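Biologist: I have a structure open on my screen and would like to walk through it with you. Could you take my questions one by one?

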Protein chains: 2
Amino acid sequence: MAQSDTVDRILDAAEELFAERGFSETSLRMITSKAKVNLAAVNYHFGSKNALIHAVFARFLTPFSATLETAFDDLEERCDGNPPTLNQTLWALTESAIRMPQRNERGISIFMRLLGLAYTQSQGHLRKFLEQEYSQPFGRFMRLLKEATPELTAVDRYWRIQFMLGATAFTMSSSDALRDILQNKLGVETSVQEIAARLVPFLAAGMQAPDKLLAPPPESKVSVA
Amino acid sequence: MAQSDTVDRILDAAEELFAERGFSETSLRMITSKAKVNLAAVNYHFGSKNALIHAVFARFLTPFSATLETAFDDLEERCDGNPPTLNQTLWALTESAIRMPQRNERGISIFMRLLGLAYTQSQGHLRKFLEQEYSQPFGRFMRLLKEATPELTAVDRYWRIQFMLGATAFTMSSSDALRDILQNKLGVETSVQEIAARLVPFLAAGMQAPDKLLAPPPESKVSVA
DNA sequence: CGAGTCTTCAAACGTATGTTTCAAACAGAC
DNA sequence: GTCTGTTTGAAACATACGTTTGAAGACTCG
C-alpha cells in the first residue's frame, strides 16, 4: 500500500455515510470505524471535517466536470452554429453522468444524493466551495439551457431549472430505495439508465410546458388571491 | 396566560429555527433562548426533542389534512362520477396548502421547507411518524393521481410521481434561498403562490409527457448501453 | 544499518448536546 | 390562608462531538 490507501478508505466510507445520513448526522467516529482507520487520520490527512466533505465532492466532481466539458464541446461542434436543442443538452448531461467510471454500481445515485444534500442542508461552506470550484461547467450548462429555451422569460426559466434539479436530485438520490419498492410492488427491475430514460422526457416536457397559469383552471370554483 | 403559552412560544421558535437550519443543526438551547423560555421546558412539555419535532409537524399537518380531505370531497362531488383531471387534483392540493390559515406571512414557505426537509433529511423517526399519522390523505391523493392518468402504465406513473415529489420537495425545501438568489440576480420578488403557479403547470406537463424514450434522440452520436 | 520523514495509534482536551434533578414559584379549590 | 398539583428555574449529568497531542511504528534513502 504505497501511497496510503487510508485516504481512499476514508473517502469511500465518508461518501457512503454522508449520502445515507447527511453531513452533520455523520460523525468522524462513524467514518473512521467504517473505514477501519484511526480517528485522528481524518484530521491528519484532510485537516478538518469540512475539508473532508469538500474532498468527497472534489473526487467525483472534478473528473465529472471535465467529462461534461468535452461532451458539451462535442455537442456544440456537432450542431455547428445552431444552439443545441433542450433534449440534446439534457442528454449530454445525463450521458456524462452515466458514463462516468464508477467505483461501484451505486456510484451515481450516491452522488446525486450528495448533490441534493449539498443544496438542501444549509452547509454554507459547501455551497461556497462548490460555487467557486465548479462555476464554469455549471454556467455553461445554464447558457445552453437558455439558448435551448429562448421562448421562456428569465424568471420562468430560472424556476423551471430549479424544478428540474429537484426532480433529478431527489429521484437519483433515493433511486435505490425506489427501485426496491418498485420491484416489490410491481415486480419490475429498473436500471439507472432506464430511470434517466424516463426522467429526461419528463423534464423536457415540464421545461417546455405552456405558459404558467396565474390562477387555477376555470373548472375550479376557488381562485388564487 | 391561562394555558401556558410557553408551549406555543416553543413551537413558534422551533418551527422557525428548524426551517432555517434543519433539525439536527438546531439545538434545544437555540430554541429555548429564542422562545425566551427555560431549557427544561421542552422536555417538560414535550418529553424529548424528537417529540417536539413531531409536535411542530402535527400543529400544521393535522388541520391541513382535514382541509385537504374536504377539498378532495368538494372536487369529487363537483365532478360527480367522472374522475377529476390531473390539473384539478394538483390545484386542489396546492390551494389547500395556500389557503391554510397562517400564523404569519411566511407560514406556508416555512412549512413547505419543513416538509422538504422531512423528506430529505433521513430522520427515521419523523418519516415513521408522518407515515402512520397521515397515510389516509396521502393515499387518497395517490388514488386521484392514478385515476387522472389512466393512459400511463403503473411503472411510468410510479416514476413520474417520484419526479413530481422531487421537484416539489426540493424546490420548497430551499425556496427561501432560491428566492433570495432570484431577487439578487434578477431583482424579482416571488411569493409562494407564484412559485406554486409555476410549479403546477410544470408538473402537469411532465406527468403527461409523451412516452418515454429508451435511447437518446437520433441526433446524438452516443447511445445508452 | 541508521537518520529522517511520513503515518498510525491511544488517549486526552474542550465544548456542545439532550436530558434529569430538585427546589422554588405559581395556580386554583376549599 | 393553606393545601395540592402544575409549571418554571438554575444547575448538574452523562454522553458525543471535532480536534489536538505526543509517543510509537513504518518507510525511504544515503
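Biologist: Which helix of chain A holds A:Leu130?

Modeller: This is a predicted model, where local features need pLDDT of at least 70, side-chain atom pairs count only at pLDDT 80 or more, and totals for chains, interfaces and linings use all residues. Residues are numbered from 1 along each chain as its sequence is written, chains are lettered from A and ligands numbered from 1 in the order in which they are written, and side-chain values use heavy atoms, with hydrogens and water left out. Helices are DSSP runs of H or I with at least four residues, strands are runs of E with at least two, and both are numbered from the N terminus. A:Leu130 is found in residues 124-133 of chain A, helix H7.

Biologist: Is A:Leu130 buried or exposed?

Modeller: Buried means under 20% relative accessible area, exposed over 50%, and partly exposed in between, using a 1.4 Å probe and protein chains only. A:Leu130 has a relative accessible area of 17%, so A:Leu130 is buried.

Biologist: Which residues does A:Leu130 touch?

Modeller: Contact means heavy atoms within 4.5 Å. Not counting residues up to four places away in sequence, the residues touched by A:Leu130 are A:Phe57, A:Leu61, A:Ala118 and A:Ser135.

Biologist: How do H4(A) and H8(A) lie to each other?

Modeller: Axes are lines fitted to C-alpha atoms, for helices over the stretch in contact, and angles run from 0 to 180 degrees between N-to-C directions. The axes of H4 (residues 49-78) and H8 (residues 135-148) of chain A come within 10 Å and cross at roughly 30°. Angles under 35 degrees count as roughly parallel, over 145 as roughly antiparallel, 65 to 115 as roughly perpendicular and the rest as oblique. The crossing angle therefore makes H4(A) and H8(A) roughly parallel.

Biologist: Why do the buried residues of H7 in chain B lie on the same side?

Modeller: In H7 (residues 124-133) of chain B, the buried residues are B:Leu126, B:Phe129 and B:Leu130. The arc is taken from the directions from the helix axis to the C-beta atoms. They share the same side of H7(B) because they cover an arc of only 95° around the axis.

Biologist: Which residues are exposed on the other side of H7(B)?

Modeller: The buried residues of H7(B) pack against H4 (49-78), H6 (107-120) and H8 (135-148) of chain B. On the other side, the exposed residues are B:Lys128, B:Glu131 and B:Gln132.

Biologist: How many helices are there in chain A?

Modeller: Chain A has 225 residues, of which 52% count as buried. With zero strands, the number of helices in chain A is eleven.
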